[in-house]
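User: Could you take a close look at one part of this model for me? I'd like to know what one of the side chains in it is doing, and what surrounds that residue.

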Amino acid sequence: MFDPACGSGNFLTESYLSLRRLENDILRELIQTQRARGGGGNIALDFAFEDAKENAVQVMIGQFYGIEVNDFAVAVAKTALWIAESQMFEETQEILSSEAEFLPLTANCNIHEGNALRMDWKDVLAPDDSVKIMGNPPFNGAKLMLPKQKDDILSIFVGTQNAGSLDYVAGWYKKAADYMKGTQIHAAFVSTNSITQGEQVPILWKPLMEKELNIDFAYKTFIWDSDAVQKAHVHCVIVGFSYAPPNERRLFDEKGAEACPHINAYLMPAPDLFVERRKEPICDVPSLILGNMTYDDGNLILSEEEKDALVKAEPITGQWIRPFYGSHDFLHRQPRYVIWLQHVAPSEIRKSKAVTERVQSVYEFRKNAKRAGTRKGADYPTIFLNITQQDDAYENFIFVPRVSSQRRRYIPMGFLPASNMISDAAYFLPFANLYIFGVLESNVHMSWMRTFAGRLKSDYRYSNFIVYNNFPWPTPTPTQRAKIERTAQGILDARALYPGSSLADLYDEVLMPKELREAHRANDRAVMDAYGFWGKIHDEPACVAALMRMYQQLTAK
């Protein structure tokens, strides 16, 4: 048993205890069986052991290997295994009705100190078909890693494009896959669920599966609570993998287990497919654009109270203020406001002391920033660092939240006037129409999103490059298109019946009004009819499988 990120040895110790308890159960059963046949209590007669006291036990801590970078944790792991061995030998002695000579601290304990991502695992344990790899490697996300951890990953994924987007745990999958090559070794890791979602999937899994690595079993996303007083909810998966010939594979979730012939890298019972970043939509639809990046240290953004106070004190500023939305603002219908100074003359800006001071603060913030790109923005402190919305280019746009709760069946999207500004916490779709809105708000698109979107904790993290640009759109007849337009308008009309409720309220899965739910169901049916799915596809996995086939056809062109 080999845990290459063993920490204080919990996985190894619990595995040792479980196997030894099983071994003791077997010994107990064998002795009882022999006595029932009239034999004595010495099982050496049946097994031809030279000394039953010593050879009855086959599971030893010398068979448990680990790697850990922290020296104190190494000492704890060794001690934990020695204590566990002592406890289990006492139980074995009671079963054998004899005392075995045993001193735990003389036993070999194979816990090695070092950085597992910088070591050759073969120096710790020679690869052999009898080896089982397990553990829960560190969960550091790609954007939260220390510089030395980022270097660890890049040293392993040499030549792999976008390797910097991988979570730290991905390094153990790659090291394990390299170590296992040419053997029948099986491995399983507890990991953050992000390695089976979004852009990390093709980066990590595609090259491994091209070398015939198989996923043998998997447990889909579950919440793993720590034992701390202030519990950290970590959203995890368990992935078992090997190069061994495939037997029956199983997918687990909170409902139970499902036998399936194949498990792909998205932990779906479907053929291998890798949806990679794409800069433009795969179909003929408008581009979905990330919102504006401010980098203003909050100086150009106003709350409603700040907006009202500013306009009251300096009425000239009212003409420069626009509604400003991020995902949370939109979903809760509580916009903030932005001082929008693009194309405003400096002489006009100077008429407002408060705005001039805010611009000066933006200048100071950007000038002293660590990033060179932000420092360059000090040359134009009156505007956002990156502006993606262009004035008067379109009348309105569809707002798409970048993050939305996984408890919602649908990500709430909606139309906003072009004069409304959005942050980079959301996307906007210019030149859109009711047909596009209807397809995006359908159960078909949501099924695709749930499969390929990333996650922020458990919440959906929508992506233009992964989810939207790779989505296979239908080719409706004029009649089908017109019907989707009508059902899309039906969704907007149902929302309008409850003007005092936010979208977060309306899309609460328990509280959603009947009119809105029925409007979505009508839209779902219209969109499924346009795909040819209605009456043929009855669940989400089948829908995603059909979309995958469409995607493969589109990418094969």
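Analyst: Let's start with a backbone oxygen, that of Met413: a polar atom of the Arg495 side chain lies 2.5 Å from it. This is a predicted model, so please read the distances as computed values. Arg495 itself lies in helix H16, which covers residues 478-496. The side chain of Arg495 also has a polar contact with the side chain of Tyr507, at 2.9 Å.

Is Arg495 buried or exposed? Arg495 counts as buried because its relative accessibility is 5%, and the cut-off for buried is under 20%.

Leaving aside neighbours within four places in sequence, Arg495 is in contact with Arg333, Pro412, Met413, Gly414, Phe437, Glu441, Leu503, Leu506, Tyr507 and Leu516. Both polar partners, Met413 and Tyr507, are in that list.

Asn469 is found in the loop between helix H15 (464-468) and helix H16. Asn469 counts as buried too, because its relative accessibility is 2%. Its side chain reaches the backbone oxygen of Arg278 at 2.6 Å. Beyond neighbours within four places in sequence, the contacts of Asn469 are Arg278, Lys279, Glu280, Pro281, Ile282 and Asn464.

A word on confidence: the mean pLDDT of the chain is 90, with 93% of residues at 70 or more. Over residues 43-53, however, the pLDDT is below 50, and this stretch has 21 contacts in the model beyond near neighbours in sequence.

Technical notes
Residues numbered from 1 in each chain as written. Predicted model: local features only at pLDDT ≥ 70, side-chain atom pairs only at ≥ 80, totals over all residues. Heavy atoms only, no water. pLDDT = per-residue confidence, 0-100. Contact = heavy atoms within 4.5 Å. Helix = DSSP H or I, 4+ residues; strand = E, 2+ residues; numbered from the N terminus. Buried < 20%, exposed > 50% of the residue type's maximum accessible area, 1.4 Å probe, protein only. Polar contact = N/O pair within 3.5 Å; in protein donor to acceptor, adjacent residues only side chain to side chain.
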